[in-house]
Amino acid sequence: MRVLLLSAYEAVSHRYWAHSLMAQLDEFSWTLLSLPPRHFAWRIRGNPLSWMLKEHDTLSQSFDVVLATSMVDLATLVGLFPHLGRAKKVVYFHENQFAYPESSDQVSQVEAKMVNLYAALAADSVVFNSAYNRDSLIDGARAFLKKMPENLPVAKPLEELRGRALVLPVPIADSSERLPQAAVHKTVPHRIVWNHRWEYDKNPDDFFAVLFALSDAGAAFELAVLGQRFRQTPAIFAEAEQRLAPHIVAWGPQPEEAYRALLDSAGIVVSTTWHEFQGLAIMEAAQRGALPLVPDRLCFPALYPPAYRYDGTRQGLYDRLTAWLTDPASRPETLDTSAWEWPAWRRAYRQLLMDSA
């Protein structure tokens, strides 16, 4: 079976998903086309043109399945290459633009939202990485389309889309395949890790405000701030690097081996995000033994038991971290992550492609 895999904005998590999918289902014949994760507005509207001009021969071939991420303008691409419409079309949503928090200096991404919507409507199968992702797209699209000049009957087709959509998370690697060397890295219970993108939607202000308060209160902890850093980052990171210097054991992106070693040594991994549809970074740290501490919102209530969630406020995070740092008995057990790993999801992904063909 020939599968064309299209990734129009190949962020880290998108690349991981695509490459692990091809590796786990190597009985299929894969063709991958991807575009770098930069110039977002151009990528999400221009990806059909980019591929038409650069990959015309590849796109002119026949495929049994076209598997596209939600950033792909699938409706336009099928218009440019009509024969692709004869393949079964599957769209995978890592995220959706209807639930993306807008900052004061960012205008509403109307075109990006419409690309998401048209891709979903043009697909034969629509897949989301979490139920929160699915529901926030459907609910967000309903609210968004009410702003159109005409009073369109959108409720029925959107609810039909909700009903037929599948939820298949991005699986993390099989923990049984971890290298034995990982065991040599001893966990440091009071080591706190932040391993998210350095952007405003991940809400670093709340995270660092709580750590400032903990430091001022004399709490003993170590800090590793990892994750993807960009040319422009929120100002709070520069302030935190200075104010929390006595606690810092790592700062900024790390080579892969060093990053894994820091996760293996982490006692706690924290999220304060306003924007998350699954949270691979937290999952991977939890798999390696760190206790996840996540806000009680977004996708997290469906993924983490209450013992690993706080109420989403700065005070709630401060109270939970204080307890975990000072009273070992208050800590929950290490989380079992086997339900998130590839062995639990390989069959479902295989069935998705087989049913689509």
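Predicted model: local features only at pLDDT ≥ 70, side-chain atom pairs only at ≥ 80, totals over all residues.
Visitor: What makes strand 1 and strand 3 a pair?

Guide: Two strands pair if there are at least two bridges between them. Strand 1 (residues 2-7) and strand 3 (residues 65-69) are joined by 4 bridges, so they qualify, and they run parallel. In one of these links, Leu-6 has Ala-68 of strand 3 as its bridge partner.

Visitor: Which sheet does that belong to, and in what order do the strands stand?

Guide: The order is 2-1-3-4-5-6, an open sheet of 6 strands with parallel pairing. Strand 2 (29-34) and strand 6 (166-167) are its edges: each has a single partner strand, so one side of each has no neighbour in the sheet. Helix 1 (residues 12-24) packs on this sheet, where it touches strand 1, strand 2, strand 3 and strand 4 (88-93). The direction of helix 1 makes about 165° with that of strand 2.

Visitor: How do you know that strand 7 pairs with strand 8 and strand 10?

Guide: Count the bridges again, remembering that at least two are needed. Strand 7 and strand 8 (residues 222-225) have 4 bridges, and strand 7 and strand 10 (residues 266-270) have 3. Both counts meet the cut-off, so both are pairs, and each pairing is parallel. On the strand 8 side, Arg-191 has Glu-222 as bridge partner and Trp-194 has Val-225. On the strand 10 side, Val-188 is partnered by Ala-266.

Visitor: What makes you say strand 7 is mostly covered?

Guide: Of the 7 residues in strand 7 (residues 188-194), 5 are buried. This strand belongs to an open sheet of 6 strands in the order 9-8-7-10-11-12, with parallel pairing. Strand 9 (248-251) and strand 12 (309-310) stand at the edges, and each has a single partner strand, so one side of each is without a neighbour.

Visitor: Now for the charged residues. Why do Glu-27 and Arg-350 count as a salt bridge?

Guide: The cut-off is 4 Å from a side-chain nitrogen of Lys or Arg to a carboxyl oxygen of Asp or Glu. For Glu-27 and Arg-350 the N to O distance is 2.5 Å, so the pair qualifies. Side chains of opposite charge can pair when their charged atoms come close.

Visitor: And why are Glu-27 and Arg-350 described as partly exposed?

Guide: That term covers values between 20% and 50%. Glu-27 has 41% relative accessibility and Arg-350 has 29%, so both fall in that range.

Visitor: How do you know that Glu-111 and Arg-45 also meet in a salt bridge?

Guide: Their N to O distance is 3.8 Å, which is within 4 Å, so the pair counts. Glu-111 lies in helix 5 (residues 110-122) and Arg-45 in helix 2, so parts 66 residues apart in sequence are tied together. Glu-111 is exposed at 52%, since exposed means over 50%. Arg-45, at 39%, is partly exposed.

Visitor: What joins Glu-159 and Arg-162?

Guide: A salt bridge of 2.9 Å, N to O. These two are 3 residues apart in helix 7 (residues 155-164), separated by about one helical turn. Through shared partners, salt bridges link Arg-134, Asp-135, Asp-139, Arg-142, Glu-159 and Arg-162 into one network. The whole structure holds 20 salt bridges.

Visitor: One last stop, then. Why is Leu-53 called exposed?

Guide: Leu-53 has a relative accessible area of 64%. Leu-53 lies in helix 2 (residues 40-54). Together with Trp-42 and Leu-49, Leu-53 forms a nonpolar surface patch with about 340 Å² of accessible area.

Terms used. Residues numbered from 1 in each chain as written. Heavy atoms only, no water. Patch = residues over 30% accessible without salt bridge, like charges linked within 9 Å, V, L, I, M, F, W, Y side chains within 5 Å. Areas by Shrake-Rupley, 256 points an atom, 1.4 Å probe, with all protein chains shown as cover. Buried < 20%, exposed > 50% of the residue type's maximum accessible area, 1.4 Å probe, protein only. Contact = heavy atoms within 4.5 Å. Axes fitted to C-alpha atoms, helices over the stretch in contact; angles between N-to-C directions.
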